[in-house]
Amino acid sequence: MGWKEQLIDSLNCFYNVTELNLQVADSKGDVFANFGDSCSYCEFLCNECNQTDNCQKSHKSAFDECASLGDSYIFGCHGGLVCIATPVWIQAKVEAYVLAGPLSLDYISMDLIDDIVKSNDIDVPLRARLFRYANQVDIIDTSRTRYISKLLKLLVSKLDNNIGYFQNLQNGKQAQQAKIGEYIQLIKNTPQLTGIRHDIENQLVDTVLKGDKELASSILTNLLGQIYYASGNNTEIIKSRSIELIALMSRALVEKEADKERIYQITDDALHTIAYTKTLTDLSYLLLDIVEKFIDIAFSRLDSIKSPSIKKALRYIEKNYCNVITQKEVADYVGLNSAYFSYLFKKELNMTFSSYIIKKRIDEGKHLLSATNLSLTEIAMALGFDSHSYFSNVFKAHTGMTPKQYRRSNY
């Protein structure tokens with residue numbers, strides 16, 4: 001059974017339990033399945049009140065919004081009723097939309113009908129019939145509507161194995177926007193931060209070239225906060241600044257003689273996607289994805305390592321560097337004696353084993369300080385340091401600031 005058949009079977013069960021009308025549209029918005037009788041109010045609004053175009057625009061806008069959210073979207077239509085739009089994801093792509101409703105959250109008064117008549121330029125003599133049809137629509141309270149929305153999402157999510165991916169995607173977008181919002185608030189409270197965008201751009205490019213994804217993410221968040229604040233959240237201005245930022249990173253990579261073909265391809269794809277991106281949330285997440293792709297081009301340590309034993313060691317270290325880990329332990333793991341392992345490690349990475357472990361811990365410490373509310377003691381313990389004071393001393397020696405100073409500067 002294909003996904004369409006599964007979807008229709010699931011929605012048939014949903015309709016028979018809830019008795020709520022459903023429409024199923026393809027990715028272009030064209031309806032290919034219906035459940036339930038047509039709504040008298042909607043028919044009258046479209047046919048007698050000439051509101052078909054407004055209905056289609058309302059539905060299209062709701063489809064775009066639910067796809068952007070990756071979740072069910074409860075919205076009020078131009079006719080004063082409420083519907084629920086839910087995207088159907090198949091193989092990381094929206095293949096269909098489900099529209100449930102209409103319903104009413106409360107009794108529809110004549111005052112509301114008068115507002116609808118006025119805002120949609122409907123002939124006044126039609127208001128009485130509009131009122132009569134409107135009050136034939138099922139009234140469902142807000143709490144039950146939310147549960148219906150959640151149930152609909154759960155049903156369509158079962159069609160695909162991507163529920164975890166999209167939940168993580170949604171959570172990632174929300175977390176990023178929250179941090180951008182926090183930095184904007186910090187700018188408002190700290191006026192001297194408003195003139196440092198150029199410095200932050202240089203920091204971002206430098207971090208991309210060094211291959212530090214966690215720090216690059218933090219710097220990008222601060223930079224977006226600067227751009228949002230300066231532009232007054234004007235989407236078109238932010239798009240222009242985003243294009244300038246991509247060009248800046250692209251040029252820096254080309255100058256470093258990185259993979260030019262991949263750089264140009266990523267840049268071209270990004271410019272095309274930005275043109276069609278509608279929300280600041282999606283734009284911000286798109287930039288984060290581009291930064292990570294550029295980092296992958298600029299820095300792939302394993303690809304530059306010639307020794308299979310050191311590659312194996314680095315994979316082991318990646319999984320265990322926050323624990324107590326010794327050079328002999330890793331040397332034994334890859335089948336080399338400790339002295340030869342030490343020589344080979346330094347030759348490949350241009351640093352000693354202990355320096356590399358400290359660097360990994362400090363880099364993770366930067367991420368935890370900027371992305372979490374964990375205490376300094378909790379971070380020190382999580383990174384394998386014996387004490388909070390030892391962590392602070394090592395951190396300052398490598399970054400030039402204490403963990404508290406770093407957290408304040410990246411909050």
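**Briefing: rings, helices and a buried serine**

Phe391 has a relative accessibility of 0%, so Phe391 counts as buried (buried is under 20% relative accessible area, exposed over 50%, partly exposed in between, with a 1.4 Å probe and protein chains only). This is a predicted model: local features need pLDDT of at least 70, side-chain atom pairs count only at pLDDT 80 or more, and totals for chains, interfaces and linings use all residues. Residues are numbered from 1 along each chain as its sequence is written, and side-chain values use heavy atoms, with hydrogens and water left out.

**Overall picture**
- The protein has 20 helices and 5 strands (DSSP runs numbered from the N terminus: helices are H or I with at least four residues, strands E with at least two).
- Of its 411 residues, 44% count as buried.
- Take contacts between residues at least 6 apart in sequence: 61% of them join residues at least 24 apart (contact means heavy atoms within 4.5 Å).

**Aromatic rings**
- There are 14 aromatic pairs (rings of Phe, Tyr and Trp, the last by its six-membered ring, pair if their centres lie within 6.5 Å; planes under 30 degrees apart are stacked, over 60 edge-to-face, the rest tilted).
- Phe345 and Phe353 have ring centres 5.8 Å apart and planes at 70°, so this pair is edge-to-face.
- Phe345 and Phe353 are both buried.
- Phe385 and Phe391 have ring centres 5.2 Å apart and planes at 50°, so this pair is tilted.
- Phe385 is buried, with a relative accessible area of 3%.
- Ring pairs join Phe385, Tyr390, Phe391, Phe395 and Tyr406 into a cluster.

**Helices α14 and α15**
- Helix α14 covers residues 308–320 and helix α15 covers residues 327–334; their axes come within 9 Å and cross at roughly 125° (axes are lines fitted to C-alpha atoms, for helices over the stretch in contact, and angles run from 0 to 180 degrees between N-to-C directions).
- The two helices, α14 and α15, are therefore oblique to each other (under 35 degrees is roughly parallel, over 145 roughly antiparallel, 65 to 115 roughly perpendicular, the rest oblique).
- From α14, Ser309, Lys312, Ala313, Tyr316 and Ile317 meet Glu329, Val330, Tyr333 and Val334 of α15.

**Ser149**
- Ser149 sits in helix α6, residues 142–157.
- Its relative accessibility is 8%, so Ser149 counts as buried.
- Neighbours within four places in sequence aside, Ser149 is in contact with Ser72, Ile74 and Ile84.
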